[in-house]
Amino acid sequence: MGFVSVAFFLCLALAATAFYAVPGRWRTRYLLALSYAFYASWSLPYLLLLVLASLAAFGAGRAIAHAAEERSKKIFLAGGIAALLVLVAGFKGGGEIKGLLFPLGLSYYSFKLIAYLVEVYWDESALQADLAAFCLYPAFFPQIVSGPIQRPQDFFAQWRRAARAPADFAGIEDGFRLILGGLMLKLLIADRLGAFIAVVDVEPERFNWGVNAACICCYTLQLYADFAGYTNIALGVGKLFGITGPPNFNAPFAAANIQDMWRRWHMSLTLWLTDYLFMPLQMALRGLGRAGLVLCITINMVAIGLWHGLTLNFLCFGAFHALCLNVTALTAKPRKFLFGRRAVTRAAAHLSGAVLTFGLMTLSMLFFHTQTLGSAWLHFRLLTFLLPAGVLGWGDIRSDVSDPVIACMALAYYFSIGAPGLRPVGRVAGALAPNWLQYGLALLLISAMTVESAGGFIYGQF
Amino acid sequence: MQQDEILARLTEIFRKTFDDDRLTVTHDMTAADVEAWDSLSHINLILAVERAFEIRLTTREVRAMKNVGDFVGLIAKKAA
């Protein structure tokens with residue numbers, strides 16, 4: 001059952017209402033059963049995998065905390081992490097060969113379980129003794145499809161309160177607002193861009209340069225609107241059950257450089273990698289100076305690429321960003337010297353940096369969006385005039401698909417730079433129209449303007 | 001070593017690492033308070049502290065620090 005379906009929201013309304021009627025001591029088991037039922041509606045055999053992985057991590061956590069010697073702790077930690085990584089890599093690499101479906105949310109819940117093991121290793125007080133509460137952490141249904149990847153201490157601390165607290169109506173309304181905003185980003189913007197991309201992608205060489213260039217920009221903007229939309233829905237659904245998840249996006253294209261952009265894009269994954277891969281690597285390689293820094297950045301970015309799938313395209317995506325980040329890190333001082341002294345040059349550097357960052361991310365999307373290097377190369381040649389463009393233009397695309405593209409691109413870009421000026425407008429609208437009218441209008445827009453091809457989320461496949 | 005002395009030496013190290021002569025280090029200061037203190041420059045700070053106080057820190061110790069006060073406490077313990 002996907003997030004974008006009437007059935008899901010009907011079940012959600014019933015489940016969230018019942019949640020507050022369930023006595024505190026039963027709530028953990030109730031929400032765990034609900035999360036497992038949600039997962040089972042997708043696949044029963046893979047639910048067993050989720051349960052087994054959770055039980056194994058629970059056992060490994062106890063073994064790490066209770067081991068008397070440091071060496072034993074390290075062995076249990078390494079064993080637990082290796083088992084989870086083999087599971088992910090096995091399905092990502094071997095699954096395709098054997099024709100196996102990739103288990104829903106495996107990349108996300110395995111990373112949650114690894115975070116738990118490392119946290120217990122670093123500080124034994126992170127151990128969770130309650131098995132049901134522990135199993136709820138990886139299985140929590142609002143976050144299982146595509147994250148965000150919440151940290152164990154944060155989740156358990158919030159859950160201790162949420163398991164007993166009465167309904168917090170302000171929090172529930174916040175959640176409802178997040179869900180509506182997410183649905184609008186997904187259904188009104190991302191899916192319209194997706195419909196345009198689907199038309200051009202069939203035979204890009206038949207379209208002229210302008211259509212191809214717009215289509216490639218749409219790869220980035222669709223991904224942003226789709227994933228930020230999903231994240232808002234996931235965070236909103238979580239809030240209905242008293243859990244505030246971590247954000248994934250913070251105006252990524254307002255960033256002055258690509259290093260800053262990665263602090264604002266898929267943040268729950270990049271912060272996970274910073275804490276559990278980048279920082280330990282940096283500590284281990286700190287004697288190597290700049291070479292160590294380059295190595296750490298490269299390993300980290302290649303890991304981000306391959307996390308999406310063990311393919312050459314994702315490897316190139318990661319390697320391209322490693323190159324960009326290394327250049328950014330190694331030129332920090334000269335850039336500060338050149339542009340940092342005057343307010344005018346600082347502002348100009350920020351603005352041009354933001355445009356360059358969007359351009360670089362879009363260029364890397366050629367690897368991310370396409371399935372093969374050949375297809376990425378074809379798009380690149382069309383973009384750089386190495387291949388003669390086709391003759392089909394905007395007018396040759398069905399008008400219901402092509403008409404809204406420019407407006408949707410502008411809207412997606414506007415939100416991706418942090419929607420400047422929206423707050424004051426929102427305050428005025430809030431004073432003029434009551435909340436129920438605003439929500440009703442949003443629902444009306446969603447139901448009247450959703451494209452027929454609306455469907456799954458891009459990050460659901462990873 | 002006294003905590004005040006550690007704090008004074010840390011201020012010197014912070015100013016040099018983050019290239020900002022106006023920085024004054026306090027116990028409750030965190031990475032959020034210093035613009036240049038990010039995941040890349042963090043390691044330079046750790047290295048500079050290790051050299052200045054002739055100590056060796058572990059990943060677990062570095063990770064457990066929540067603010068400069070924790071850092072001072074850790075240095076005092078390790079350098080004792």
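**Domain interface in chain A**

Modeller: Across the interface of domain 1 and domain 2 of chain A, the rule finds one salt bridge (a Lys or Arg side-chain nitrogen within 4 Å of a carboxyl oxygen of Asp or Glu). This is a predicted model, where local features need pLDDT of at least 70, side-chain atom pairs count only at pLDDT 80 or more, and totals for chains, interfaces and linings use all residues. Residues are numbered from 1 along each chain as its sequence is written, and side-chain values use heavy atoms, without hydrogens and water.

Colleague: Which side chain meets Asp275(A) in a salt bridge?

Modeller: Domain 1 spans 26–165 and domain 2 spans 172–461, with bounds from an automatic or database domain assignment. The salt bridge of Asp275(A) has an N to O distance of 2.9 Å. Its partner is Arg151(A).

Colleague: What share of the area buried between domain 1 and domain 2 of chain A do carbon and sulfur atoms give?

Modeller: Buried area is the accessible area (1.4 Å probe) that two parts lose on being put together, summed over both. Between domain 1 and domain 2 of chain A it is about 2400 Å². In domain 1, Phe111(A), Pro148(A) and Arg151(A) lose the most area to domain 2, together 23% of what that side buries. The carbon and sulfur share of the buried area is 66%.

Colleague: How many residue pairs are in polar contact across the interface of domain 1 and domain 2 of chain A?

Modeller: A polar contact is a pair of N or O atoms within 3.5 Å; within protein, one must be able to donate a hydrogen and the other to accept it, and residues adjacent in sequence count only if both atoms are side-chain atoms. With both residues at pLDDT 80 or more, the number of pairs is 13.

Methods
Chains are lettered from A and ligands numbered from 1 in the order in which they are written.
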